[in-house]
Amino acid sequence: MVRMNSLADALKTLCNAEKRHKRQVLLRPCSKVIVKFLTVMMKHGYIGEFEIIDDHRAGKIVVNLNGRLNKCGVISPRFDVTINSIEQWTKNLLPSRQFGYLSLT
C-alpha cells in the first residue's frame, strides 16, 4: 500500500507515542519536509533531539519525546491560503490566541 501523506503519518505516530508516554518514537519514511517540521518543533521545545538513520531505502528518524506535545496534525486536503486569510485560519484552528503554532508547508 502506498503512503499518500508521509507528514500526516509521521505526526500521527508522534502524537500516538506521546499519548502512550513513550520516550522515543521511530518515524518512517524520512523526507525533507518531515525533517524541517521536526526542526521547527524542536526549536519551539515540543520534542527533544532527533536522529536520522540512513538505511539506503526511505530512511528512518528516531525522535526523543519530552512530554510537552499535546496535539499535532495535518489539515487535509491542502487548501489554498492567501496572505490576508492566514489570521482567519489561525483563529479558526488554534484553541487560543496565545496557544499553539500554525505551520505552512
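If we skip its neighbours within four places in sequence, Glu18 is in contact with Leu65, Gly67, Arg68 and Leu69, where contact means heavy atoms within 4.5 Å.

Quick housekeeping before I go on. This is a predicted model, so local features need pLDDT of at least 70 and side-chain atom pairs count only at pLDDT 80 or more, while totals for chains, interfaces and linings use all residues. Residues are numbered from 1 along each chain as its sequence is written, and side-chain values use heavy atoms, with hydrogens and water left out.

Back to Glu18. You'll find Glu18 in helix 1, residues 6-19. When I say helix or strand, I mean DSSP runs numbered from the N terminus: H or I with at least four residues for helices, E with at least two for strands. Buried is under 20% relative accessible area, exposed is over 50%, and partly exposed is in between, using a 1.4 Å probe and protein chains only. What Glu18 does have is a polar side-chain atom 3.2 Å from the backbone nitrogen of Gly67.

Arg68 sits in the loop between strand 3 and helix 3 and is exposed, at 55% relative accessibility. Not counting residues up to four places away in sequence, Arg68 touches Glu18, Gly45 and Tyr46. Take Tyr46: in sequence Arg68 and Tyr46 are 22 residues apart, yet their C-alpha atoms are 5.3 Å apart in space.

Tyr46 brings us to the aromatic rings. Rings of Phe, Tyr and Trp (for Trp, the six-membered ring) pair if their centres lie within 6.5 Å; planes under 30 degrees apart are stacked, over 60 edge-to-face, and the rest tilted. That gives 2 aromatic pairs. Why is the pair of Tyr46 and Tyr101 edge-to-face? Because their planes are at 80°, with the ring centres 6.1 Å apart. This pair links distant parts of the chain, 55 residues apart: Tyr46 is in the loop between helix 2 (32-43) and strand 2 (47-53), and Tyr101 is in the segment after helix 3 (86-93). Tyr46 is partly exposed at 26%, whereas Tyr101 is exposed at 52%.

There's also Phe79 with Trp89, a tilted pair with centres 5.4 Å apart and 35° between the planes. Phe79 is in the loop between strand 3 (60-65) and helix 3, and Trp89 is in helix 3, so the pair ties together parts 10 residues apart in sequence. Phe79 is partly exposed at 47%, and Trp89 is partly exposed at 26%.

Let's go inside. A nonpolar core is a set of buried Ala, Val, Leu, Ile, Met, Phe, Trp, Tyr and Cys residues joined through side-chain atoms within 4.5 Å. The largest one has 20 residues, and Leu14, Leu27, Leu38, Met41, Ile47, Ile61 and Val63 touch the most other members. Helix 1, strand 1 (24-27), helix 2, strand 2 and strand 3 each give two or more residues. Which element gives the largest share? Helix 1, with 6 residues. Beyond four places in sequence, the contacts of Leu14 include Val25, Leu38, Val63 and Cys72.

Last bit: the backbone. Most residues other than glycine have a negative phi, and most peptide bonds are trans. Here, the bond joining Arg28 and Pro29 is cis, with omega about 0°, and Pro29 is in the loop between strand 1 and helix 2. The bond from Ser76 to Pro77 is cis as well, with omega near 5°. His21 has a positive phi, near 60°; it sits in the loop between helix 1 and strand 1. His56 has a phi near 60° too, and lies in the loop between strand 2 and strand 3.

Conventions
A polar contact is a pair of N or O atoms within 3.5 Å; within protein, one must be able to donate a hydrogen and the other to accept it, and residues adjacent in sequence count only if both atoms are side-chain atoms.
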